Amino acid sequence: MSWFESLILGLVQGLTEFLPVSSSAHLRLTAAFSGWEDPGAAFTAITQVGTEAAVLIYFRKDIGRILSAWTRSLTNKEMRRDHDARMGWLVIVGSIPIGVLGVTLKDQIEGPFRDLRITAVMLIGMGIVLGVADRLAARDEGGGRHRAAKQRKQLEDLTVKDGLIYGFCQAMALIPGVSRSGATISGGLFMGYRREAAARYSFLLAIPAVLASGLFELKDAAEGGHVSWGPTVFATIVAFVTGYAVIAWFMKFISTKSFMPFVWYRIALGVVIIVLVTMGVLSPHAAESAG
């Protein structure tokens with residue numbers, strides 16, 4: 001991997017990680033459209049550590065408060081009723097599905113799941129799901145001529161059951177094209193949560209999973225020597241800086257705007273991929289990376 005490739009891929013990772021468009025799909029597609037080798041699942045996991053570092057800094061006050069309350073709840077039963085302590089436990093509960101499925105499906109994630117035809121179908125399918133969820137949320141928030149606006153749930157209303165459902169939604173993002181934020185936010189909207197609440201929990205829920213995945217891939221890469229360390233570290237730094245700016249913008253965007261632009265983008269991109277693969281312009285299979 002060249003330094004120019006790492007710059008572009010780092011930008012793509014930072015720009016798309018927190019938007020409901022699938023960062024893993026865009027990394028795969030950027031390489032395919034540019035004629036580069038597929039950066040691979042290891043590169044994706046490692047650069048995601050950079051974007052998660054941006055989450056840690058942006059939500060540092062929330063995370064510090066949650067960690068403090070959760071730690072005290074281990075020895076203080078009264079603290080277990082505290083919202084922040086409960087949030088700590090709910091992040092752990094919601095991380096279980098992706099942890100189990102990530103280990104179980106590791107070979108599929110690094111192989112068959114990276115087929116561009118699967119990516120295209122996931123882009124379109126999850127785009128439609130996000131669109132339906134967005135319309136339901138808009139209907140509740142806006143009401144209608146014969147219907148009063150409906151109060152949607154906040155993070156204070158999060159239960160263990162909802163946390164697990166969020167977790168299974170997040171696990172779907174193991175397939176390129178799904179989108180971690182797109183799947184978890186859609187799940188949250190279907191369960192009746194406000195857009196901001198769904199997005200905030202989505203970001204917090206991603207922290208353990210992404211950091212664990214990145215550290216796991218770092219360990220494998222160090223032992224196998226199949227990662228270009230200089231360009232990969234550079235891409236991770238680029239992803240961190242870009243990702244932080246995107247989080248700040250996205251949290252403001254979702255408070256007043258619809259997800260429909262992302263929905264139409266996903267569907268259009270999926271259709272383009274299917275057409276190009278069918279015409280033979282793009283190979284559906286990833287090229288082997290030389291490291």
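Modeller: A definition comes before the tour: a pocket is an open set of grid points with protein on both sides within 12 Å along at least five of seven lines. Keep in mind that this is a predicted model.

Biologist: Fine. How much space lies in the largest pocket?

Modeller: The largest pocket holds about 680 Å³ of space. It is lined by 32 residues, and those closest to its centre are I98, G102, I109, L174 and S213.

Biologist: Which elements give two or more residues to that lining?

Modeller: They are α2 (23-34), α3 (40-58), α5 (83-104), α6 (106-110), α9 (180-190) and α10 (195-224). The most comes from α10, which gives seven residues.

Biologist: And what is the lining of the largest pocket like by class?

Modeller: It has 14 nonpolar, twelve polar and six charged residues.

Biologist: Which residues line the largest cavity?

Modeller: The lining consists of E17, F18, E52, R180, S181, S202, F203 and A206. Two or more of these residues come from each of α9 and α10, and α10 gives the most, with three. By class, the lining of this cavity has three nonpolar, two polar and three charged residues.

Biologist: Why look for gaps with a probe at all?

Modeller: Because rolling a probe the size of a water molecule over the atoms shows where empty space is left.

Biologist: OK, change of topic. How many helices and strands does the protein chain have?

Modeller: The protein chain has twelve helices and zero strands.

Biologist: Why would the radius of gyration agree with a compact globule?

Modeller: For 291 residues, a compact globule would have a radius of gyration near 19 Å, and the protein chain has 19 Å, so the two agree. Along the principal axes, the C-alpha atoms fill a box of roughly 55 × 50 × 35 Å. Buried residues make up 52% of the 291 residues.

Biologist: What share of the contacts with a separation of 6 or more is between residues 24 or more positions apart?

Modeller: Such pairs account for 78% of those contacts in the protein chain.

Biologist: Now the nonpolar core. Which residues of the largest one touch the most other members?

Modeller: That core has 39 residues, and F59, Y166, Y201, F203, I247, F250 and F259 touch the most other members. At least two residues each are supplied by α3, α4 (60-73), α5, α7 (116-142), α9, α10, α11 (229-256) and α12 (260-278). The most comes from α10, with eight residues. Another core, of ten residues, lies apart from it and includes L116, L123, I273 and L276.

Biologist: Pick I247. What is I247 in contact with, leaving aside its neighbours within four places in sequence?

Modeller: I247 is in contact with F18, A54, V55, Y58, F59 and F203. F18 and F203 are also among the residues lining the largest cavity.

Biologist: Next, Q170. Is Q170 buried or exposed?

Modeller: Q170 counts as buried, because its relative accessibility is 0% and the cut-off for buried is under 20%. Q170 sits in helix α8. Leaving aside its neighbours within four places in sequence, Q170 is in contact with G94, I98, R180, T184, L205, A206 and A209.

Biologist: Last one. Where does G111 lie?

Modeller: G111 lies in the loop between α6 and α7, and G111 is partly exposed, with a relative accessible area of 32%. G111 and H285 are 174 residues apart in sequence, and their C-alpha atoms are 8.9 Å apart in space.

Conventions: Residues are numbered from 1 along each chain as its sequence is written. This is a predicted model: local features need pLDDT of at least 70, side-chain atom pairs count only at pLDDT 80 or more; totals for chains, interfaces and linings use all residues. Side-chain values use heavy atoms; hydrogens and water are left out. On a 1 Å grid over the protein atoms alone, a cavity is a set of points where a 1.4 Å probe fits but cannot get out, and a pocket is an open set with protein on both sides within 12 Å along at least five of seven lines; lining residues have an atom within 4 Å of a point. Grid points are joined across faces, edges and corners, and a volume is the space filled by probe spheres set on the points. Helices (H or I, at least four residues) and strands (E, at least two) are DSSP runs, numbered from the N terminus. Ala, Val, Leu, Ile, Met, Phe, Trp, Tyr, Cys and Pro count as nonpolar, Asp, Glu, Lys and Arg as charged, and the others, Gly among them, as polar. A nonpolar core is a set of buried Ala, Val, Leu, Ile, Met, Phe, Trp, Tyr and Cys residues joined through side-chain atoms within 4.5 Å. Buried means under 20% relative accessible area, exposed over 50%, partly exposed in between (1.4 Å probe, protein chains only). Contact means heavy atoms within 4.5 Å. The radius of gyration is taken over C-alpha atoms; the globule rule is 2.2 Å times the number of residues to the power 0.38.
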